[in-house]
Amino acid sequence: MANASIYVGCTVPQLLRGAQSRIFPSCSALRMLRHSAFCYCTGNGTIKSKRKMDHLERTANNFRQEVITQAKVCGITNESETVKRLCLAIANKDFTFKAGQWVDFFIPGVSVVGGFSICSSPGLLEREGILELAVKHTVHPPAHWIHTECTLDSEVALRVGDLHGYQEGKGNRHKLGTAKLYYSAKNTSELLFKKNILGLMKAFPGKITCCFHVTQQRSQICQELQPHITEGRISEKDLEKHVSNDTSWYICGPPPMIESMSKLLTNIGVPRNCVFFEKWW
């Protein structure tokens, strides 16, 4: 039976990373994501954030690969005014990861350890020995270092957060049918990887679709994006047409956005056990 997945976010979710290596995972692969990267909604459909913990505290119960690998910065690109894409050369041939995983990010001279999702595919690492991160500017020491001090040939160290406990299911014919992405940002310049997403939509027509939302657009929208742009926030009206027993919902973004979207989905009748979100706070 074909299933649908709806991705709602103000950052690019697992869709893009997974699509680069395996466009439509089986149900067992979805379970892998559920166990490792997503939380179920709480009883009242909201997520309460307590004091702000650092990355190692938040992920203390997650397993990690034992090896810490040295990496050298080989490329720095401004993806937007607030986000840098960091290209890292990995010398260790045994270093591997799966789509959707993250890394502990160790910086010489910086006591705080960063935690960043990997935005490149495992295939790029296999072919070129390259891993990429997209890091938004914040006052958090690792992110601040990347935006203010990091240069070409800077050396760092990485350790992959492990998808421990995943077991490949046998005899399950459940497959993902379609993926719909609702992607919101302040303006089109903050819609990271939009060209990649448009490319996936062209490569898999009817299978992957995207609606970009912008909330503070001031400049003219380019012709290529215009058919896919909606001005304003993601709304109940946008999402309610997708409610069905065969739809899974994935939310990615900061805590207030996740709390708001979780409530919205509850209000339109989405079962709580069909809603998943990343827990990066």
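Guide: One term before we start: buried means under 20% relative accessible area, exposed means over 50%, and partly exposed is in between. And keep in mind that this is a predicted model.

Visitor: Fine. So is Gly177 buried or exposed?
Guide: Gly177 has a relative accessible area of 7%, which is under the 20% cut-off, so the residue is buried. Gly177 is found in strand β9.

Visitor: Among contacts between residues at least 6 apart in sequence, what share joins residues at least 24 apart?
Guide: That share is 75%.

Visitor: What's the relative accessible area of Phe63?
Guide: It's 45%, so Phe63 is partly exposed.

Visitor: Switching to charges. How many salt bridges do you count?
Guide: The count comes to 6 salt bridges. One of them is between the side chains of Glu155 and Lys72, at 4.0 Å from N to O. Glu155 is in strand β8 and Lys72 in strand β3, so this pair ties together parts that are 83 residues apart in sequence.

Visitor: How accessible are Glu155 and Lys72?
Guide: Glu155 is partly exposed at 49% relative accessible area, and Lys72 is partly exposed too, at 35%.

Visitor: What does Arg159 pair with?
Guide: Arg159 forms a salt bridge with Asp104, and the closest N and O atoms are 3.0 Å apart. Since Arg159 lies in strand β8 and Asp104 in strand β5, the pair ties together parts that are 55 residues apart in sequence. Both Arg159 and Asp104 are buried.

Visitor: OK, and which residue does Glu190 bridge to?
Guide: Lys136, with their side chains meeting at 3.9 Å, N to O. Glu190 lies in the loop between β9 (175-185) and α6 (194-203), while Lys136 is in strand β7, so parts 54 residues apart in sequence are tied together. Glu190 counts as buried at 11% relative accessibility, whereas Lys136 is partly exposed at 45%.

Visitor: Which residues do shared partners join into one network?
Guide: Glu79, Arg85 and Glu132, through salt bridges that share partners.

Visitor: What about Lys84, how far off is the nearest side chain of opposite charge?
Guide: That's Glu79, 11 Å away. Lys84 is buried yet has no salt bridge. A polar contact of 2.7 Å does join its side chain to that of Asn78.

Visitor: Where does Lys84 lie, and what does it touch?
Guide: Lys84 is in strand β4 (residues 83-90). Not counting residues up to four places away in sequence, Lys84 touches several others, including Ile76, Thr77, Leu133, Val135, Ile146 and His147.

Visitor: Which residues of helix α5 are buried?
Guide: In α5 (residues 141-148) the buried ones are Pro142, Ala143, Trp145, Ile146 and His147. The buried residues of α5 pack against strands β4, β5 (102-106), β6 (114-117), β7 (130-136) and β8 (155-160).

Visitor: Last topic, cysteines. How many disulfides does the structure hold?
Guide: The number is 0.

Visitor: And are Cys150 and Cys274 buried or exposed?
Guide: Cys150 is buried, with a relative accessible area of 10%. Cys274 is buried as well, at 17%.

Terms used. Residues are numbered from 1 along each chain as its sequence is written. This is a predicted model: local features need pLDDT of at least 70, side-chain atom pairs count only at pLDDT 80 or more; totals for chains, interfaces and linings use all residues. Side-chain values use heavy atoms; hydrogens and water are left out. A disulfide is a pair of cysteine sulfur atoms within 2.5 Å. Buried means under 20% relative accessible area, exposed over 50%, partly exposed in between (1.4 Å probe, protein chains only). Helices (H or I, at least four residues) and strands (E, at least two) are DSSP runs, numbered from the N terminus. Lys and Arg count as positive and Asp and Glu as negative; His and the chain ends are not counted. A polar contact is a pair of N or O atoms within 3.5 Å; within protein, one must be able to donate a hydrogen and the other to accept it, and residues adjacent in sequence count only if both atoms are side-chain atoms. Contact means heavy atoms within 4.5 Å.
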